[in-house]
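Please look over the model below before reading the points that follow.

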Amino acid sequence: MKGLGELIDKLKKLDSIKMYNEDFLLTWEKSQEEIEAVLTVADILRNLRENNISTKVFDSGLAISQFRDNSTRTRFSFSSAANMLGLTVADLDEGKSQIAHGETVRETSNMISFMADVIGIRDDMYIGKGNTYMREVSKAVQEGFQDGVLEQRPTLVNLQCDIDHPTQSMADLLHIVNYFGGIENLKGKKLAMTWAYSPSYGKPLSVPQGIIALMTRMGMEVTLAHPEGYELMPEVIEIAKENAARSGGKFEMTTFMQDAFKDADIVYPKSWAPFKAMERRTDLYGNGDFDGIKCLEKELLAQNASHKDWECTEEMMLLTKNAQTLYMHCLPADITGVSCKEGEVSASVFDRYRVELYKEAGFKPYIIAAMMFLSKVENPVEIIEKLIENSTPRFFK
Amino acid sequence: MKGLGELIDKLKKLDSIKMYNEDFLLTWEKSQEEIEAVLTVADILRNLRENNISTKVFDSGLAISQFRDNSTRTRFSFSSAANMLGLTVADLDEGKSQIAHGETVRETSNMISFMADVIGIRDDMYIGKGNTYMREVSKAVQEGFQDGVLEQRPTLVNLQCDIDHPTQSMADLLHIVNYFGGIENLKGKKLAMTWAYSPSYGKPLSVPQGIIALMTRMGMEVTLAHPEGYELMPEVIEIAKENAARSGGKFEMTTFMQDAFKDADIVYPKSWAPFKAMERRTDLYGNGDFDGIKCLEKELLAQNASHKDWECTEEMMLLTKNAQTLYMHCLPADITGVSCKEGEVSASVFDRYRVELYKEAGFKPYIIAAMMFLSKVENPVEIIEKLIENSTPRFFK
Amino acid sequence: MKGLGELIDKLKKLDSIKMYNEDFLLTWEKSQEEIEAVLTVADILRNLRENNISTKVFDSGLAISQFRDNSTRTRFSFSSAANMLGLTVADLDEGKSQIAHGETVRETSNMISFMADVIGIRDDMYIGKGNTYMREVSKAVQEGFQDGVLEQRPTLVNLQCDIDHPTQSMADLLHIVNYFGGIENLKGKKLAMTWAYSPSYGKPLSVPQGIIALMTRMGMEVTLAHPEGYELMPEVIEIAKENAARSGGKFEMTTFMQDAFKDADIVYPKSWAPFKAMERRTDLYGNGDFDGIKCLEKELLAQNASHKDWECTEEMMLLTKNAQTLYMHCLPADITGVSCKEGEVSASVFDRYRVELYKEAGFKPYIIAAMMFLSKVENPVEIIEKLIENSTPRFFK
């Protein structure tokens, strides 16, 4: 990580004013400068905390969390980020059926937001639903603010939806920025985003989608590899292509894991569900066809089982550029012989990268805090300088 | 809302010293000056927050919440209120059967209160139980304090019981005070508290009871309307009558919705369960007669279904005083064609009042905070003046 | 409780530096001076709070709690302790099966600890498991810290395991220190730690084990009484024997409740499960033999029922030293005729000691806070003196 002065100088040059009072829902809705502002603020917040300088910009206030799917790591990252800025988490633990139609989303969104500064939502279960839901909430609180119902407009952070997982991909990006010594060093680096076998078949698409859409902006050469039938959402593929073209990077697709691993600087092997099947599942769920869902699951498990060779083994790693090649994962990984019989990665590869993997995850609280910070603070540089000037100890020791 | 200076001047004239170290369980246990002190402090706290002045009077401390029934809005209001004053919420998530006899209520109440400054309880499920339970808790912590077990006496806030829903009725009152431009303007205003049809039959009586008991104190002309069989608790009817007589207002009852709506300035149409049936249900529950409960529910649903004409339609609204007539509801409402096939209110009426309804709900966090504030702070005016003098920013921006 | 100056003078003389950055897992891993430092800091924190002086040493930060068993009192004590020091509780509410093998304990421990200052764990369900689990977590976060994954090393507090219940036994100790007017007055006091009948048969052994291991260090004469078959873990018996020998106290065992009560200054009658049976239960559980568990439970209940005479009655109390003899319990107690038909203690005995019992429980939040404080603060005396110098009000009144 660069020094604090250098980081602040960098932030001064980045135009992030449009993030003020805005949500963070998809990385590709943000400019390159805004993306870099998030990375820079995350590094600054970490730097301050490591130097025992309080980063509390809120004396009181609520950070609402809504997890429509189980979560441990994102939950703790969100709690950490809120706490670091002085916000108290209030969790909306809804029954799944309660928020069913637009009417109630509008109402509930306002009812929980009277003193909410930020809202974090995870909703990644059904294709076409999660991001749509977040936009409904966003519209509701925007209207509530304009109508004088809400004193402040809470800003949203997408904690994972059906399309993107921006807090994950941004944490991953910050990890490789730090690993390779600067964002400028990512240009031309080869990243393999590949499918991998897991005994559970229905993992979200948002991680690979988030990765290909974000990393292609950094001038990286991104290869997406997966067996036939495991296509991602076509619109995200288009975004990855456009981003690569614009940044001078590359975006390629293959159905051979080996092709992607060849000479890679970074490999990111991870299971995900086939998009088309997830669409069918959403429809079946919408129709309440639970027998249909069971049938589909059986079919998917069989399809899945035919690709057990998609594993990140030591042999596969030999194909990559060199011993410094970085193995990445959003965790938890399905580790062969450890968490399952046959999985995404062999135990020896995972073990070798454990510390790096944990560090990768450690960026997430700071990324979330940076997203919150830039959406709430109008003059980030000024406030950061004030925090440094005050130097209130985080821990009075 | 009046200006801050005017509000503080008003508060200076109000005697609220008896609220210090006392619970807030029923509005009719409080004097008119105390009621107005709560409204005034709520307005002051809102004013301070809107001006980014911290209202934290606690550096640390716990606000215990106990929800013996599901809750979203009251839960968030309580969290907001606690947070605004600097308290951290600790939720007592009890198994229903654990706190079964006086012995354990006494013990549990002390065990959770070692560092508790306030306790908020919602217990509205069974007639004759909720308020009784709150008084048991209150007695237990009072004794604990006197015996030297507790360093401070946590004060209770009734977040809804079988008899009253003071945080709701007080938020409703503050809403109409603001809507009509001052508490002095409520004199002579006609309010229709009427039953309305909902497909679910067992809603608490505490809202209508709270409304008729509180609004009759303001010199308002309150009409209570419901079909035969939907009587409220007789003792609350008596209180409403006495209050009306004392305040120079009126309290009338009718079994025709139209009578109540006629020339009304405010209408509050809302479903509730028949009191006698709720009493029977409490007995059946006490005897563990779950078959009896099922039978009773069937009977009640049939009775209910014969009153589908009790709906707040546009046609009904034409009976009211004028276009400024205020439609109120504690939310969520059963909206015809939106949240149910046939409900309490037609969609067009609800839609027209949506912003006002959301604003109505927005007063609740401040009302709860004001109740906490007046029960914990011995010299409210002095402390408010100190908060203004310090002017610690709520959000450091 | 002694005066603040006296307490600080005492703390100055106690060497507790080895507690810095260390866990608190078993009282017998701590020196006598460290034990006394915890008691002294607990008294100091209570003194400060009673004098409305803030004890917040953290401006922000998380206290992670992990309750692998239900808990009300310890949960609230932990929340209170964290709040008092300025930490926000984040609860890890794990599915029991998720953290199943070493791999994932290591990973989860790191994932929740990026901003964790302390971790409190309760895991008392299976013999041989709880303490082992805590040490795995401790090792994981220690490694995470050394590897640069974690910025700080969260320290652990054992909130009850299969072997010891240090926050309970230390709170109990502080209670008797205060009751008898000083730790120096415990020398020679006779304490009866006896088994008592309860209709539920499987209560943890950690309380009696914690008591005999800790109280024998104070020069007390500790008698452990239980029916045959209700032996405690042999290694803890050894520790109690050694401690008694070293401190000049006594440690005796008997299978007659009366022997233990005879001339006792303190009686602690409490049900616990037979250790050997608990070991068998752990094995059955490990093998997934749920029929075996059911059989074992039936057997244990029958064995249990043959010892209904092990009750702390008024008659039994007559055997003790005098009217000042202290009855203790970790609560909740099984009270004959109140919480069960036949239980650990008769209602009249319990009632007579209710206030003392509640006070006993009231020491726990301070004990936990003191354990956290001494593990996080390098110079406890200096920081306490700064807190007093600053004298930030806990409640701004």
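**Notes on the model**

1. H5(A) is followed by Gly148(A), whose phi is positive, near 80°. Helices here are DSSP runs of H or I with at least four residues, strands are runs of E with at least two, and both are numbered from the N terminus.

2. This is a predicted model, in which local features need pLDDT of at least 70 and side-chain atom pairs count only at pLDDT 80 or more, while totals for chains, interfaces and linings use all residues. Residues are numbered from 1 along each chain as its sequence is written, and chains are lettered from A and ligands numbered from 1 in the order in which they are written.

3. Helix H5 of chain A covers residues 130-146, and its end C-alpha atoms are 25 Å apart. This agrees with the 24 Å that its 17 residues should span at 1.5 Å a residue, because the expected span is 1.5 Å times one less than the number of residues.

4. Which residues of H5(A) are buried? They are Gly130(A), Asn131(A), Met134(A), Val137(A), Ser138(A), Ala140(A), Val141(A) and Gly144(A). Buried means that 20 or more other C-beta atoms, placed from the backbone, lie within 10 Å of the residue's own; 12 or fewer is exposed, and in between is partly exposed.

5. In chain C, the axes of helix H6 (residues 166-179) and helix H15 (residues 364-376) come within 9 Å and cross at roughly 115°. H6(C) is therefore roughly perpendicular to H15(C) (65 to 115 degrees; under 35 is roughly parallel, over 145 roughly antiparallel, the rest oblique). Axes are lines fitted to C-alpha atoms, for helices over the stretch in contact, with angles from 0 to 180 degrees between N-to-C directions.

6. The contact (C-beta atoms, placed from the backbone, within 7 Å) involves Thr167(C), Met170(C), Ala171(C) and Leu174(C) of H6(C). From H15(C) come Lys364(C), Ile367(C) and Ile368(C). By class, five of these residues are nonpolar, one is polar and one is charged (Ala, Val, Leu, Ile, Met, Phe, Trp, Tyr, Cys and Pro are nonpolar; Asp, Glu, Lys and Arg charged; the others, Gly among them, polar).

7. Between chains C and B, 29 residues of chain C are in contact with 25 residues of chain B. Helices H2 (32-50), H3 (73-85) and H14 (354-362) of chain C each give two or more residues to that side, and H3(C) gives the most, with six. The side of chain C has 13 nonpolar, nine polar and seven charged residues.

8. Between chains A and C, 29 residues of chain A are in contact with 25 residues of chain C. On the side of chain A, H3(A) gives the most, with six residues.

Methods. Two residues are in contact if their C-beta atoms, placed from the backbone, lie within 7 Å.
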